[in-house]
Amino acid sequence: MANKIDSEYRFSPPRKTKQNAVLSPNNQPDCAQAFMEHAATAPLPDAFLHFLESNGIDPSIYTSIDSTPRYIRLKPGFEDCIQEIQSETKCKPEKLDWLLGFYTLPPHIQIASTKVYQQGKIYGIDASSGAAVMALGIEPGDHVLDLCAAPGAKLCMILDLLGDSGSVTGVDAARHRLAACRTMLQKYKLGDRCRLFVADGTTFSVIPEGFRSDSESCESGLEERMDVFKEWTSRRPWKERKRAKKCSTPQVVSKSHPPELIYYGRHSGVIGLTKKELYKTVTENEIASYGYDKVLVDAECTHDGSVKHIQKFEHWGWVTLQRRVLDAERTDSLHTLQLNLLTNGFRLLKVGGSLIYSTCSLTVAQNEDVVEQFLKENITAGRIFVLHFLSY
């Protein structure tokens, strides 16, 4: 197998989205905002403080009020809606010079109720997520794999950058979260070159469409192609609905669960294929030539780099924090999961492809340590750069 010598790994900025005010754009009290205001000043439990200390993280980022802005991204073609945004929010969006198409708003602004958001002209997306996508260096015609795609903001940004060429494959183990991706694709009219699979990202093996071996082409020409994929529709046949009702499919799939295609666009390469062709087993040499040009692994993590996420534990209960963030078994299993996601993402790259690994954790264990172990185990990988943004 030829060496893959052009892979890159980047840690995206933590998703610091702390909220400061308690009024929505129409000056009505915002309960969620008021909760965040309270949570920002609530004392952190000793166990979490010990976790922060052992990982060299300043606890003041979770308890002090700052002016971290809300980020939005304009959908290409709607650059002239700045005045519209300003009119609805009563605030002028400030351009983010280092990230194309991104703007900032004051932290108290809520965009969900605005027409520009509801009409699909803007996205709510953290600058950290945007930085990870931009680091991919997407070019026209690229086939891109988003191995942890939900909830979909990064997926949409990738599709916007690709335009009318290439393809995007989104994978996530959580069925309900991937369904949210599908909803986003339909809202922003971006699904034409995309396909979504409910699958375990550590074992996913479906490569971009376009590769067919000579023997397979001959077989396909001889057999009756009765099970070909036709144009996707949200309406499922009655027999399929009945079968799904009988079989209680899990919301989060396991490694042994075969990939399940829940959406595909007209130009995603799926229409006209048989299931056998779509899910065919490929060799490592075939992946080296016909794999993905770019892979994004925004891995599952403890989310300790998300200030807003940590503040929610004031409501959920610190016992939940103990289980999700501080539990030693949970941390160890996450390290294994992150390494396996990174390893499989790299395996699916074609020679010369690029991979971005990112988390919203500030811990070395979930970032640098994962990459270092991966590089030791994969001597064909070349690290171009590693950046770790501490705050924005």
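Student: Why is R175 called buried?
Tutor: Its relative accessible area is 14%. Buried means under 20%, exposed over 50%, and partly exposed in between, with a 1.4 Å probe and protein chains only. R175 at 14% is under the limit, so it is buried.

Student: What kind of model do these values come from?
Tutor: This is a predicted model, where local features need pLDDT of at least 70, side-chain atom pairs count only at pLDDT 80 or more, and totals for chains, interfaces and linings use all residues. Residues are numbered from 1 along each chain as its sequence is written, and side-chain values use heavy atoms, with hydrogens and water left out.

Student: Where is R175 found?
Tutor: In helix α8. Helices (H or I, at least four residues) and strands (E, at least two) are DSSP runs, numbered from the N terminus.

Student: What makes the pair E260 and R175 a salt bridge?
Tutor: The closest N and O atoms are 2.5 Å apart. A salt bridge needs a side-chain nitrogen of Lys or Arg within 4 Å of a carboxyl oxygen of Asp or Glu. The pair therefore qualifies. E260 sits in strand β8 (residues 260–264) and R175 in helix α8 (residues 175–187), 85 residues apart, so the link joins distant parts of the chain.

Student: What makes the R175 and E260 side chains a polar contact too?
Tutor: Their distance is 2.5 Å. A polar contact is a pair of N or O atoms within 3.5 Å; within protein, one must be able to donate a hydrogen and the other to accept it, and residues adjacent in sequence count only if both atoms are side-chain atoms.

Student: Is E260 buried or exposed, or in between?
Tutor: In between. E260 has 28% relative accessibility, so it counts as partly exposed.

Student: How do you know that R266 and E231 form a salt bridge?
Tutor: Their closest N and O atoms lie 3.0 Å apart, which is inside the limit. R266 is in the loop between β8 and α11 (275–278), and E231 is in the loop between α9 (214–222) and α10 (238–246), so the pair ties together parts that are 35 residues apart in sequence.

Student: What distance makes R330 and E300 a salt bridge?
Tutor: It is 3.1 Å, N to O. R330 belongs to helix α16 (residues 328–347), while E300 lies in the loop between β9 (292–298) and α13 (307–311), 30 residues apart. R330 is partly exposed at 24%. E300 is partly exposed at 34%. Elsewhere, salt bridges that share partners join R73, K75 and D160 into one network.

Student: How many salt bridges does the structure hold?
Tutor: Eleven.

Student: Why are β8 and β10 said to stand at the edges of their sheet?
Tutor: The open sheet has six strands in the order β8-β7-β6-β5-β9-β10, with mixed pairing. β8 and β10 (349–358) each have a single partner strand, so one side of each is left without a neighbour in the sheet. Neighbouring strands of this sheet are turned by 20 degrees against each other on average, direction ignored. Axes here are lines fitted to C-alpha atoms, for helices over the stretch in contact, and angles run from 0 to 180 degrees between N-to-C directions.

Student: How do you know that β5 and β6 pair?
Tutor: Count the bridges. Strand β5 (residues 143–146) and strand β6 (residues 167–172) have four, in the parallel sense. Two strands pair if DSSP finds at least two bridges between them, so these strands pass. One example is L145, whose bridge partner in β6 is T169. α16 packs on the sheet, touching β9 and β10, and its direction makes about 155 degrees with that of β10. Contact means heavy atoms within 4.5 Å.

Student: What joins β9 to β10?
Tutor: Six bridges, with the strands running parallel. V295 has L355 as its bridge partner in β10.

Student: Why is β10 called mostly covered?
Tutor: Seven of its ten residues are buried.

Student: What makes the buried residues of α4 line one face?
Tutor: In helix α4 (residues 82–89) they are I82, I85 and T89. Seen down the axis of α4, they fall within an arc of 60 degrees, so they line one face of the helix. The arc is that of the directions from the helix axis to the C-beta atoms. Their cover includes β1 (70–74), β3 (102–105), α5 (115–118) and β4 (122–124).
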